[in-house]
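Visitor: I'd like to go through this one label by label and hear what stands behind each. Can we start with the strands?

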Amino acid sequence: MADTITATAAPHGPVAVADTGAAVKAVVWDLDNTLWDGVLLEGGGRRLRPGVERTVRALDARGVLQSVASRNDPEAALAQLTHFRLADYFLVPQIGWGAKSASVNAIAQRLNLHPESFLFIDDDPFERAEVSQACPQVRIWDPADDVTELLGLPQFDGEVTADAAVRRLMYKAALDRDTAERDFAGTAPQFLASLGLRLTVRRAGPDDLARAEELTVRTHQLNATGYTYSAAELDALRGSGTHAILVAELSDRFGDYGTVAVVMVEQVGRRWTLKLLLASCRVMSRGVGGMLLAHVVERARAAGACLYGEFVPTDRNRQMLVAYRFAGFRRTPAAGDRGVLLLEHDGATVPAVPGYVRLHSDF
């Protein structure tokens, strides 16, 4: 059964909310009797439910993506969202007469997010049960009548970074890219070449640490180890003299992707070890992980260092192991705690950053 987040009154003090663990990256809202009062096609929908506008805007500021799954007339529902000046907050809204679970899955696919990072809000017990049954990894908000409590959930907690504040706009640009790619008549490499990709790799500064921490916590698919670090821990390692912490930013003709990757290289003498290699899932199709590996391999070779990489296999990060292998890494007999595999670069293979990417680096 899906995790259900329930609110219960504490004997004394504020409402206590169950902590289900992983961060929520996207919230999917029903409309009738959830976002607004009443049923739109029966004359309702004339006012928002208490706390809804504040909650939608606050979640957006924290970088939580939002969408809609509603049984409604699409034209009328979108017009009403526009009337409330909320339409722009909802990406790829699914408004029609199909099952809510199908709508949630469609949103997850369009946003390229795993369903376990979703929370679904609906006043109707039947709809909540249907989504819970069909999408057991999606968390359910029950009850839906006090949405302001969402803002106190630990799953939504965290520092508002510069990237978080514009995450919706970056996803909107990504959707525009997807549309352009579908309409593009050439090959995939030709489309990538048309984007004017720019990858900037630089040593992390104090202002980058909150975003770097966020990426270690939120990134699961393109993550070689799954290690998590607080901003304070990253800052200490940054100043240790034995660790290079790098952040990568990507942009193209559609706009900025923001800070999309973090790399940590432990540098002890001539032995370099990749402790972190992770990239946001929204740049999966751009091959950023492979580009970063190519860059680190080149820098290690220039420094005369032997390069290793740690890898912790999960059911979701196999693509990163493939990237390591294509970059010339092979598994060593050594094995660490927690299932850590140690990979060693063969010293001969020097992968190149694709020619359609302009790379700038201070590493």
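Visitor: Which residue stands opposite T200 in β16?

Guide: That's H360. Keep in mind that we're looking at a predicted model.

Visitor: What makes β9 and β16 a pair?

Guide: Two strands pair if there are at least two bridges between them, and five bridges join β9 (residues 197–203) to β16 (residues 357–361).

Visitor: In which sense do β9 and β10 pair, and over how many bridges?

Guide: Antiparallel, over six bridges, with β10 spanning residues 243–252. In that pairing R202 stands opposite V247.

Visitor: Where do the side chains of β7 point?

Guide: F118 and F120 point one way and L119 and I121 the other, and all are buried.

Visitor: Which strands does β7 pair with?

Guide: β4 and β7 pair in the parallel sense over four bridges, and there the bridge partner of V28 is F120. Three bridges join β7 to β8 (residues 139–141), again running parallel, and L119 has R139 as its bridge partner in β8. Between β7 and β8 the chain passes through helix α4 (residues 125–134), and this β-α-β crossover is right-handed.

Visitor: What makes the buried residues of α7 sit on the same side?

Guide: First, who they are: F191, L192 and L195 are the buried residues of α7 (residues 188–195). They cover an arc of only 100 degrees around the axis, so they fall on the same side of the helix. In general, an α-helix has 3.6 residues a turn, so residues three or four places apart point the same way.

Visitor: What covers the buried residues of α7?

Guide: The cover includes α6 (167–183), β9, β10 and β11 (255–268). Just after α7 comes G196, with a positive phi of about 70 degrees.

Visitor: Which residues have a positive phi although they are not glycine?

Guide: N33 is one of them, at about 60 degrees, and R85 is another, also at about 60 degrees. Most residues other than glycine have a negative phi. N33 is found in the loop between β4 and α1, while R85 is in the loop between α2 and β6.

Visitor: Why is R85 called exposed?

Guide: Exposed means over 50% relative accessible area, and R85 is at 65%, so it counts as exposed. N33 has 29%, which lies between the 20% and 50% cut-offs, so the label there is partly exposed.

Visitor: And how do you know that K275 counts as buried?

Guide: Buried means under 20%, and K275 is at 17% relative accessibility, so it counts as buried. K275 lies in strand β12 (residues 271–279). Leaving aside neighbours within four places in sequence, K275 is in contact with T225, Y227, M264, E266 and E310.

Visitor: What about H220, buried, exposed or partly exposed?

Guide: Partly exposed, with a relative accessible area of 36%. H220 lies in the loop between α8 (209–218) and α9 (231–238). Beyond the neighbours within four places in sequence, H220 is in contact with K25, E116, R316 and N317.

Visitor: How many aromatic pairs does the structure hold?

Guide: Four. One of these is W36 with F84, at 6.1 Å centre to centre and 40 degrees between the planes.

Visitor: Why is the pair of Y324 and F329 called edge-to-face?

Guide: Over 60 degrees counts as edge-to-face, and the planes of Y324 and F329 are at 85 degrees, with centres 4.8 Å apart, so the label applies. Y324 and F329 are both buried.

Visitor: What makes the charged end of R177 sit over the ring of Y257?

Guide: The distance cut-off is within 6 Å of the ring centre, and the charge also has to be within 35 degrees of the ring normal. The charged end of R177 is 3.7 Å from the centre of the Y257 ring. R271 likewise sits over the ring of Y308, with its charged end 4.0 Å from the centre.

Notes:
Residues numbered from 1 in each chain as written. Predicted model: local features only at pLDDT ≥ 70, side-chain atom pairs only at ≥ 80, totals over all residues. Heavy atoms only, no water. Phe/Tyr/Trp six-rings, centres within 6.5 Å; stacked < 30°, edge-to-face > 60°. Buried < 20%, exposed > 50% of the residue type's maximum accessible area, 1.4 Å probe, protein only. Helix = DSSP H or I, 4+ residues; strand = E, 2+ residues; numbered from the N terminus. Contact = heavy atoms within 4.5 Å. Right-handed = clockwise from strand over helix to strand, strands pointing away. Arc of directions from axis to C-beta.
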